[in-house]
Amino acid sequence: MKVEQPKYKTSDEVDFVIIGSGAAGGILAKELSTNGFRVVVLEQGPYLTEADYTHNEIKVLGEDLLTNHPKSQPTTFRKTPRDKAKQHRALVYGRSVGGTSVHFTANFWRFHEIDFIERSKVGAIPGANLVDWPIQYADLEPYYTKVEWEIGVSGLAGASPFDPPRSKPYPMPPLPVKSSGVIFERAARQLGWNPFPAPMAILSQPRPGRSACMNCGFCLSFGCEVGAKSSSLVAAIRVAERTGRCEIRPDSYVHRIETDARGRAIGAAYFDKDKNTHLQKAKAVIVCANGAETPRLLLMSANKQFPNGLANNSSGMVGNNLMLNSAAISMGVFEHPLNDYKGFAVSRILHDFYELDAQKVGFYGGGGLDGRFDATPIGFALNGLPPDTPKWGSAFKKTLAENFTRTMEVFSHGTSLAREENSFSLDPELKDAWGLPALRMTYKDHPDDLKLVKWLNDRALELLDAAGAKKKWSYPITEQEFAVHLLGTCRMGNDPKTSVINSDHRTHDVKNLFLCDGSSLVTSGRGQPTMTIEALAFRAADRITALAKSGEISA
Amino acid sequence: MINELSRRRFLSQAGIAVSAAWASAHWPEMVSAATHAHQAMQSGKAYKFEFFTPAEATEIDALSARIIPTDDTPGAREAGVLYFIDRALVTFASGDQQKYRDGLPELQNLVREKLPGVEKFSAATSEQQDEVLHTMEASQAEKPPRRRNLQSAQTFLEALRVATISGFLIDPETGLGNRGGVGWKLIGREPEHSFQPPFGYYDKDYPGWQPAQKMADKK
């Protein structure tokens with residue numbers, strides 16, 4: 001399935017070097033190469049395609065086939081900057097061509113108008129660094145539409161009364177409903193809520209070179225062997241490669257962005273598979289390495305001109321304001337088999353609680369619920385049974401046999417308030433297998449995030465009651481110590497003193513350095529960031545193209 | 001793998017469809033352990049244990065058969081879990097060896113203490129065995145599991161439990177563990193990898209999406 005691509009020399013100063021091939025990097029590669037630029041994409045992970053993906057849980061989950069490696073890339077965690085961080089697996093992200101978009105759930109919610117202007121609407125929140133975006137929903141709407149049509153998103157326009165305005169319907173109908181979706185829909189309507197078909201970045205209809213979803217049941221955590229899941233690999237990188245101007249260079253672990261005496265980026269230094277170092281020269285550098293690795297790379301690129309990290313002179317904010325999204329899970333067991341292990345994860349969601357009235361509920365925030373099942377047999381046996389189930393013996397076996405096909409989840413997704421001291425930074429002691437400083441995560445949820453997710457979870461339990469669940473329970477809601485959504489760590493803003501990039505994704509401090517990924521987000525949205533990351537990437541590509549064509553970048 | 005709460009989650013559960021950290025951390029080697037058990041069983045020859053002595057193997061067999069017992073459906077024994085664990089302990093789960101080295105003599109002491117006249121766990125009745133396990137469980141209380149981000153097993157009993165479940169439920173299509181697919185049959189997971197709706201009981205009569213207003217008008 002690989003397409004022939006150019007091979008640039010590292011000494012060949014290409015127009016753009018893009019670091020990371022995930023949701024944002026893949027789209028920028030497609031757009032910029034289509035616009036005539038010469039592009040090299042450096043991806044730390046291997047180049048895997050449909051032929052390499054597998055339903056073998058051993059390879060995927062055990063060998064971290066698609067994700068970062070905790071042994072060679074250890075991380076540390078602490079709750080506050082006053083604590084000493086301890087070694088702890090703090091995060092997971094995609095580590096192959098296509099990044100996390102290869103293995104994600106593919107829930108594809110747009111942000112709503114409120115997500116961009118919430119600070120103005122709700123005012124300051126104590127203990128939080130909540131600010132408005134420098135752009136608004138209307139600026140991004142054309143790009144949300146572009147994402148839906150270009151990469152392939154299934155859904156039903158107009159099905160949710162809370163949806164923001166859209167200029168076009170979805171390009172294809174929603175995926176089929178699962179039993180969890182029917183249960184979710186019926187119960188939610190009984191409660192007067194507004195469930196609707198989940199917008200998913202999974203094809204309900206085939207596209208050239210890509211099959212519609214076969215409902216194999218190995219979706220979340222797995223790569224799609226038939227190209228139905230709209231990863232940036234199948235939906236963007238293949239297009240970039242066909243331009244003949246884009247080289248995807250896998251197994252290339254960037255550890256430093258080099259600058260010249262004028263403080264301009266000259267290229268990216270990386271380790272190849274054999275740990276030899278190279279410097280890929282470029283007229284401009286675009287970092288799309290994710291909300292953890294992007295700030296880490298800037299911090300590792302510190303030099304005399306940028307003693308606190310590259311692009312970190314004006315604000316000192318590189319790595320700060322980390323947001324993870326708040327989440328809770330309630331489980332329900334039903335009388336008849338749902339067989340929800342078949343198919344993708346989510347078929348119905350609701351947004352009735354997207355904007356809660358803080359005066360009424362007593363805390364800031366909002367979110368959505370989805371109905372789903374996403375467990376595999378061993379994980380289900382270890383973690384998916386009601387907490388009062390014996391852990392072994394006949395009763396354990398009986399409950400396991402009964403529940404696997406009869407269980408569903410109601411997943412609550414909510415806002416995360418930015419707190420300046422929540423961050424990704426460099427651990428002062430721990431090194432990775434390349435001798436580079438390990439990622440250190442500092443994170444403590446804002447109290448409102450925890451209140452919100454408890455409130456949402458109560459609605460989830462109401463829903464399971466209304467649905468007639470024979471049994472229901474929730475996983476404990478505790479402070480988060482593990483990150484999946486990596487947001488806000490190089491936030492966008494007009495003020496160089498408080499933000500890292502401007503609304504063109506250009507760093508305030510380095511003219512030919514751009515950042516675009518989860519780190520760009522100013523607010524967390526309601527739990528599904530990828531759609532917005534991709535819309536931002538399409539928009540960034542337009543902005544960067546305009547700047548390059550007007551000679552602004554090289555000037 | 002993936003967030004204790006989130007997505008995938010991964011995968012992780014990521015994301016995800018996710019298994020416990022123990023299983024996932026050791027999974028590549030589980031393949032070879034399970035293959036080994038299969039070959040041993042299919043060859044019809046006496047299995048040569050690599051970690052356990054024959055006496056220890058008898059104890060482990062009896063223990064795993066109480067974790068997933070054989071009743072009117074197959075259990076750990078029929079899935080070949082003992083052989084899976086033996087192989088595991090000399091390969092991917094070699095880090096757990098000490099738990100077994102310490103745990104088996106402790107078990108022995110416990111049996112002697114609780115069941116005078118009974119020489120070893122495997123010689124006790126099922127009821128007596130369960131009693132011993134309950135005692136062990138109480139003395140080796142684990143922290144409650146966290147969603148999708150389990151710490152590796154801290155105790156002998158928990159290590160054995162996770163290993164037994166893994167050997168019982170590993171994907172049979174890989175030709176590895178879960179002999180004859182007995183584990184998946186038990187839980188009702190069909191072996192295919194492509195499905196068409198309707199998937200289950202609740203979606204089979206679904207009339208198709210209708211806006212809420214339309215539904216209300218009909219009433």
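I take helices (H or I, at least four residues) and strands (E, at least two) as DSSP runs, numbered from the N terminus. By that rule I placed A:Lys275 in the loop between strand E8 (265-271) and strand E9 (277-287) of chain A.

I note that the model is predicted: local features need pLDDT of at least 70, side-chain atom pairs count only at pLDDT 80 or more, and totals for chains, interfaces and linings use all residues. Residues are numbered from 1 along each chain as its sequence is written, while chains are lettered from A and ligands numbered from 1 in the order in which they are written.

**Entry 1. Backbone exceptions**

I recall that most residues other than glycine have a negative phi, and that most peptide bonds are trans. I looked up phi of A:Lys275 and found a positive value of about 65°, although this residue is not a glycine. For burial I call a residue buried if 20 or more other C-beta atoms lie within 10 Å of its own, exposed if 12 or fewer, and partly exposed in between, with C-beta atoms placed from the backbone. A:Lys275 has 10 C-beta neighbours inside 10 Å and therefore counts as exposed.

I then turned to A:Asn339, in the loop between strand E10 (326-333) and strand E11 (346-350) of chain A. Its phi is also positive, near 50°, and it is a residue other than glycine. A:Asn339 is buried, because 25 other C-beta atoms lie within 10 Å.

In chain B I found a cis peptide bond from B:Pro197 to B:Pro198, with omega near 0°. B:Pro198 lies in the loop between H8 and H9 of chain B.

**Entry 2. B:Tyr202**

I located B:Tyr202 in the loop between helix H8 (182-187) and helix H9 (212-218) of chain B. With 27 other C-beta atoms within 10 Å, B:Tyr202 is buried. I count two residues as in contact if their C-beta atoms, placed from the backbone, lie within 7 Å. Leaving out residues up to four places away in sequence, B:Tyr202 touches A:Ser179, A:Val182, A:Ile183, A:His336 and A:Leu338. From C-alpha to C-alpha, B:Tyr202 and B:Asp72 are 28 Å apart in space and 130 residues apart in sequence.

**Entry 3. Chain B and its helix pair**

I recorded 9 helices and 1 strand for chain B. Along the sequence the pattern is α-β-α-α-α-α-α-α-α-α. Of the 219 residues of chain B, 47% count as buried.

I looked up how helix H5 (residues 97-114) of chain B packs on helix H6 (residues 126-139) of chain B: the angle is about 120° and the axes are 10 Å apart. That makes H5(B) oblique to H6(B). Axes here are lines fitted to C-alpha atoms, for helices over the stretch in contact, and angles run from 0 to 180 degrees between N-to-C directions. Angles under 35 degrees count as roughly parallel, over 145 as roughly antiparallel, 65 to 115 as roughly perpendicular and the rest as oblique. The contact uses B:Leu110, B:Val111 and B:Lys114 of H5(B), with B:Glu131, B:Val132, B:Thr135 and B:Met136 of H6(B).

**Entry 4. A sheet in chain A**

I traced an open sheet of 4 strands in chain A, in the order E4-E3-E15-E14, with mixed pairing. Strand E4 (86-87) and strand E14 (423-431) of chain A stand at the edges, each with a single partner strand, so one side of each lacks a neighbour in the sheet. Two strands pair if DSSP finds at least two bridges between them. E14(A) and strand E15 (residues 437-442) of chain A pair in the antiparallel sense over 5 bridges.
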